[in-house]
Amino acid sequence: ILLVRFNVAPEVLMDGFITQTQLTPSDEPGKSTLTVTGEDVSVMMDLVERKTGHPAQAEPVIAAAVLARYTAYLLAPPVIVPTVPFDLPPPTERIPAQAGTDFGYLNTLASRFDYVFYVRPGLFPGQNIAYWGPAVRVGLPQAALSVNQGPHSNVEQISFTYNALSPAIVIDSVLSSDFDVTLPVIALANTLTPPLVSQQSPLFNLPNVREKKLSFTSAQGDGEGQPQRGGMTYAQAWAKAQAMVNDAAKEVVSASGSLDALRYGHILKARGLVGLRGAGLTNDGLYYVKTVSHSIRRGEYKQRFTLTREGVGTTLPVVRP
């Protein structure tokens, strides 16, 4: 457990298990190096491989059942947030099957809908929280990252990348197993969460956008690496098409940089929103915090970060300071 104190109140930065130690001796006294590697409590879900079925259960129910095995490590109940329609497979047609560890299976279930699965520290040590659902792109943003703001700047360096080849749309048809007819499946943009930008890809890239087709392989299979038996239901086809579009667009724009946490006055946290100001109308606004790393020394606290979003242009006149 690693606690960091900002503004009096302590915050849990890491909570988990030490998985590796490495000692590098030195001939000079006091110069030996001990490197300690740790992982969050989800590492306990990646130890035992299982082969089991989940008859007549949709993915959110399966995820909750799997996480129920780990109440010794997690604050119950886990956070399960379904946002797309799920079908309930009849046992006579299909039985969802797990082949592998619980950690791998939870990520496989999540990837079908462009969801995420992770465990984050709670407010106090030992109160870890499991989350399975879409990336959190709503709610109160973290304090703003400021560039070109003179004495109010807290970002030391930042660069932006726009990948015009990333966006994609899905236009296809599927022989629906529930209606026994061929139905169109079309997904052109993220319709599940509020956009973070005023010019959302791929809509603002049409007609110069990749067009993809649905794949009927293991991504929609009953277990890891197993093809699905029978045809897709229309709910499955639509959810997969939407997941493909969301996944292709979510990192059209990425920003990477570093900040001085002492000047920032907070700890920038991954898997949430943050506002950016001072970088111009094209790059200002809200971002999803994809990754954050910490570098802590006596009297110094630096963070490196990666931000992503699905296009350019801000949706807000100002961001939270």
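Me: Is Pro 60 buried or exposed, and how should I read that label?

Reply: Buried means under 20% relative accessible area, exposed means over 50%, and partly exposed lies in between, with a 1.4 Å probe and protein chains only. Pro 60 has 12% relative accessibility and therefore counts as buried. This is a predicted model, in which local features need pLDDT of at least 70 and side-chain atom pairs count only at pLDDT 80 or more, whereas totals for chains, interfaces and linings use all residues. Residues are numbered from 1 along each chain as its sequence is written, and side-chain values use heavy atoms, with hydrogens and water left out.

Me: Where does Pro 60 lie, and which residues is Pro 60 in contact with, leaving aside its neighbours within four places in sequence?

Reply: Helices (H or I, at least four residues) and strands (E, at least two) are DSSP runs numbered from the N terminus, and Pro 60 belongs to helix α1. Contact means heavy atoms within 4.5 Å; with neighbours within four places in sequence left aside, Pro 60 is in contact with Ile 80, Pro 82, Phe 86 and Trp 132.

Me: At what angle do helix α1 and helix α2 pack?

Reply: Axes are lines fitted to C-alpha atoms, for helices over the stretch in contact, and angles run from 0 to 180 degrees between N-to-C directions. Angles under 35 degrees count as roughly parallel, over 145 as roughly antiparallel, 65 to 115 as roughly perpendicular and the rest as oblique. Here α1 (residues 59-67) and α2 (residues 102-111) pack at about 160°, their axes being 10 Å apart, and the two helices are therefore roughly antiparallel to each other. From α1, the contact is made by Glu 59, Ile 62, Ala 63, Val 66 and Leu 67, and from α2 by Asp 102, Tyr 105, Leu 106 and Leu 109.

Me: How many helices and strands are in the protein, and what share of the residues is buried?

Reply: The protein has four helices and 20 strands, and buried residues make up 42% of its 321 residues. Among contacts between residues at least 6 apart in sequence, 70% join residues at least 24 apart.
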